[in-house]
Amino acid sequence: MLFNTLDFLVFFFIILCLISQFKFRKFQHLLIIFSSIFFLYYTDSYLVTLLIFTILLHFYVGKAIYNSQTVIRKKIFLLIGVIGSVGILGIFKYADFAILQINAFGMVIDLNSEIPLLNLALPIGISFYTFQSMSYIIDIYRGNLKPSKTLKEYAFFVAFFLPLVAGPILRASAFLPQLREKIQQQGTTQKLKLFVIENQNLKFGITLMSLGFFKKMFFADNIEPLVNNIFSNPIGMESFSIMIGAIAFGVQMYCDFSGYSDIAIGGAAILGFKIPLNFNKPFFATSPSDYWTRWHISLSTWVRDYLYYPLVFKNRKSNSLVFISLLISMVVMGIWHGASWNFLIWGGIHGVFLVCFTMLRKKFPTASSNKFFKSKLGKIFSILVTQYLIFLTFIVFWMKDLEHMIYAVKKYIFLDFALDKTIDIVDANEFPIFLLILFGILHYLSYRNGNLPERLSKLKMHHWIGVLFVIFLLVAIFYVGGNREFIYFQF
Amino acid sequence: MNYRILFLILCTIILVSIIFGISMTLYINIYDPNWYGFFSNNNSNENLKKRIFLIGSSSVYPVNSTYVNHQLNLNEINYEIFNLADMSDNPKKRLQSLSNIISNKPDIVIYGLDISNFNVNVEKKSSYDQLLNPKNFFTYQFDDFMKSIQDKIPGSPKDRTVSTLKYILFGPEPHHHPFINFGKTSITPIKELQNFDNEIEFLEYDFSDNNKQIISFKKIINEFKNNEIKLIVFSTPYQKTTANENDVKLFEKMLEAYSKKYDFPIYFLHDKYGEMEIWRDGIHIAINKDTQIYTKDVLKMLIQEAEF
Amino acid sequence: MNNKNDLNVIIAKVFSISESEVNDQSGPENIERWDSFNGLVLIDELESHFNVQFSVSEITDVETVADIKRHLKNHNVVLDD
């Protein structure tokens, strides 16, 4: 079920009504668990069994790790859990990619047979809930987390429908305590809490969800045609057109992805859960390193804690091992996005940027305290250089065709200063260009004025409703609709 | 849960829905080819040429009215054609803005009718299919309600909003294709189109008076007749269709019957270009200098019937 | 020797902020320069200053300065109040 559909709005509204009307703990918890499974089943049908399998596997593996007396036994159970997750992810997401590469290699060495593709459907949300589950068992293994006592609690954590499909990737250590409350009278017995929908949470949650819909449906969906116009066949495009395409795609990705995250975080807030931000003004990052503390934070911190730190920790005195660990981590981050060479290259490029930046920091450790970089001009300079590099990577992220990718990247780096075709493109895409400018202005104002959703939710009721009215109206009248580009199959 | 907040949200949603509904139908109901917008240098309000309106869905859009107008000019025929094709148009939708069309006093209306307008889309899925596809199950339950809403709003509200704003500020743009503006599209080879064969399912069609589209079509014919507007009808071309052979024959029979009964000429273009490499997709001819045959055929039928 | 003070000085130096900005709630979410690179630099500085060795579990279990203090206490580092 996608968030930007009537189906989801009706579904969510029904859940909230039932939760507020029936204040029985067991009912509420089971309602969320079964509706989460239904939520996935709605679009994924039988593939929901993978979610159920993941829940059962990691719940019991987590318990087994915790109860194991020796390190070797803990390691074995951890391995079972990780192989189980990675195995499912590997088969459904990456098997056909691997088969294609093997077949391609076979053609090169004149092997006359081909391995047939599996053509498996990609289960929705699998990249998110497998990573979420893996963090649970790894934290138990590390001694940083006690396992869930009940399957109900663990199932709630993994299957919770709001972050299930597109994140943020939750950490059990942050989420489970929110789910539990201590019953003082009976000592420290922990029970799952009763959900009470409080006014301020309701207002904040609705505000954040509305802003999420606004970012996705007003900005992202309406900028997409501009990106497609430029990137679907970039050969022959001028440098400035490529740059516009890169910026447009970056903004589209941000609005789409952060919009989704906002809807998930806002919806969870209504139910009383605090889920950390997944995006924190990434277009104001002052370095590649800073960028990854601002973009898809739940994934970058996951890769940092479960891949980068374990790789680098014992070898951090060796520069080359630190750099290799960075590269590996970023390539894995790239592949996580999809089974395609361009994602691998994208991750690799980010890895190279991070390595170069780390080298610079090691070579010039006091540079960040330099007067220039601390000044406003220095900050602007850092932001512009960083964003120039970041938008380059968006080109690679979009383009699966290698020839197109190389052409576009060359044009982005080696400017031709031609303008004729660019002016035509701008003329033919006035509305998306207008939206890019509008986004820039609103985003800057939001950056300067701090936590916008919080401030909006604290407005007086009639002002708040006025803001929502404008958002809903803009979303409705600028809704792109089911018809995209020129594909009008009505079959 | 605070019911006051929910109540206010509900009121907001209702208000937005009303404004949305009005804004989606505004343009097509106020359209006037003489309107040049608030910010235009063109002050010519009177156009001495007689009008020809070409109506239908996006299948009609590829008819190049600039080319037709050029040919009419060359032959000193004092007529001007406007391609008023609208996305996802069907007789029921078009009926809602018919009074505006008539108020603009066209001499001739050419109506390109899609066979697909008349499918009743009854999906008879087994319980097993419904179990495996719960989304389809739920959407099927509310199909009638959703269709009645979809009939009232354009396929792309954003395109409609942008063109409405442009119309109010700068007049219809482009002048002779006011409701849809695609620019050029490229030709897709028929071989590639045939790769989609597995996805076609034949749908059920109904050409009887039980079908609301047929009732609307008859009302349109009558309105034009009562206002003495000459009507020419043609069936729009397709490369693929969800109608089986039998339904196509019934479609032709229906049009022939109405043509006789209501005295308007009918032309069949639906199966004329199936083998030609002029298609963008299964139901749209590409907008391209190599696909002029469609425009030329419409021009031919116009010259034949219009008695210039 | 004031270990608590030393801790604040180290944190301020690594992240190029003033000591007054360091408190128990400080962490990657509110200190701009706290990224994985500076995180490792911080670990090096703390290990060499307090003569301790952290494990991977400990460094991945840090969200705030309060967590750092907790881990230092587990390594028998006394933080004066």
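First, a working definition: two residues are in contact if their C-beta atoms, placed from the backbone, lie within 7 Å. This is a predicted model, in which local features need pLDDT of at least 70 and side-chain atom pairs count only at pLDDT 80 or more, while totals for chains, interfaces and linings use all residues. Residues are numbered from 1 along each chain as its sequence is written, and chains are lettered from A and ligands numbered from 1 in the order in which they are written.

**Stop 1: the chains**

Colour by chain. Chain B and chain C do not touch, and their nearest C-alpha atoms are 31 Å apart. There are two pairs of chains in contact, and chains A and B share the most contacts.

Select the A/B contact: 35 residues from chain A and 37 residues from chain B take part. Helices and strands here are DSSP runs (H or I, at least four residues, for helices; E, at least two, for strands), numbered from the N terminus. On the chain A side, α1, α2 (25-44), α9 and α21 each supply at least two residues. Which of these gives the most to the side that touches chain B? That's α21(A), with seven residues. By class, this side of chain A has 24 nonpolar, nine polar and two charged residues; Ala, Val, Leu, Ile, Met, Phe, Trp, Tyr, Cys and Pro count as nonpolar, Asp, Glu, Lys and Arg as charged, and the others, Gly among them, as polar.

Now hop to the other contact, where 12 residues of chain C meet 17 residues of chain A. On the chain C side, look for α2 (36-50) and α3 (56-59), the elements that give two or more residues. That side of chain C has five nonpolar, four polar and three charged residues.

**Stop 2: chain A in two parts**

Colour 6-195 of chain A as domain 1 and 200-477 as domain 2; the bounds come from an automatic or database domain assignment. Taken over C-alpha atoms, the centres of the two domains are separated by 27 Å. Where they touch, 19 residues of domain 1 are in contact with 20 residues of domain 2. On the domain 1 side, α1 (6-21), α4 (71-108), α5 (126-141) and α7 (161-164) each supply at least two residues. This side of domain 1 has 13 nonpolar, four polar and two charged residues.

**Stop 3: two helix pairs in chain A**

Select α9 (199-231) and α21 (461-477) of chain A: they pack at about 25°, with axes 9 Å apart. For such numbers, axes are lines fitted to C-alpha atoms, for helices over the stretch in contact, and angles run from 0 to 180 degrees between N-to-C directions. α9(A) and α21(A) are therefore roughly parallel, a label for angles under 35 degrees, with over 145 counted as roughly antiparallel, 65 to 115 as roughly perpendicular and the rest as oblique. Show side chains for the contact residues, including A:Phe213, A:Phe214 and A:Met217 of α9(A) and A:Trp464 and A:Leu468 of α21(A). The contact has nine nonpolar, one polar and one charged residues.

Next, take α3 (48-67) of chain A with α4(A), packed at about 170° with axes 9 Å apart. That makes α3(A) roughly antiparallel to α4(A). Among the residues that meet are A:Leu57, A:His58 and A:Val61 in α3(A) and A:Gly81, A:Gly84 and A:Ser85 in α4(A).

**Stop 4: the sheet in chain B**

Bring chain B back. Five strands form an open, parallel sheet in the order β2-β1-β3-β4-β5; strands pair if DSSP finds at least two bridges between them. β2 (79-83) and β5 (266-268) of chain B each have a single partner strand, so one side of each is left without a neighbour in the sheet. The twist averages 20° from one strand to the next. Zoom in on β1 (50-55) and β3 (108-113) of chain B, paired over four bridges; B:Ile52 stands opposite B:Ile108 in β3(B).

**Stop 5**

Check the omega values at two prolines. The bond from A:Gly167 to A:Pro168 is cis, with omega near 0°, and A:Pro168 is in the loop between α7 and α8 (172-179) of chain A. From B:Glu173 to B:Pro174 the peptide bond is cis too, with omega near -10°. Finish at A:Lys281, which is not a glycine but has a positive phi of about 50°.
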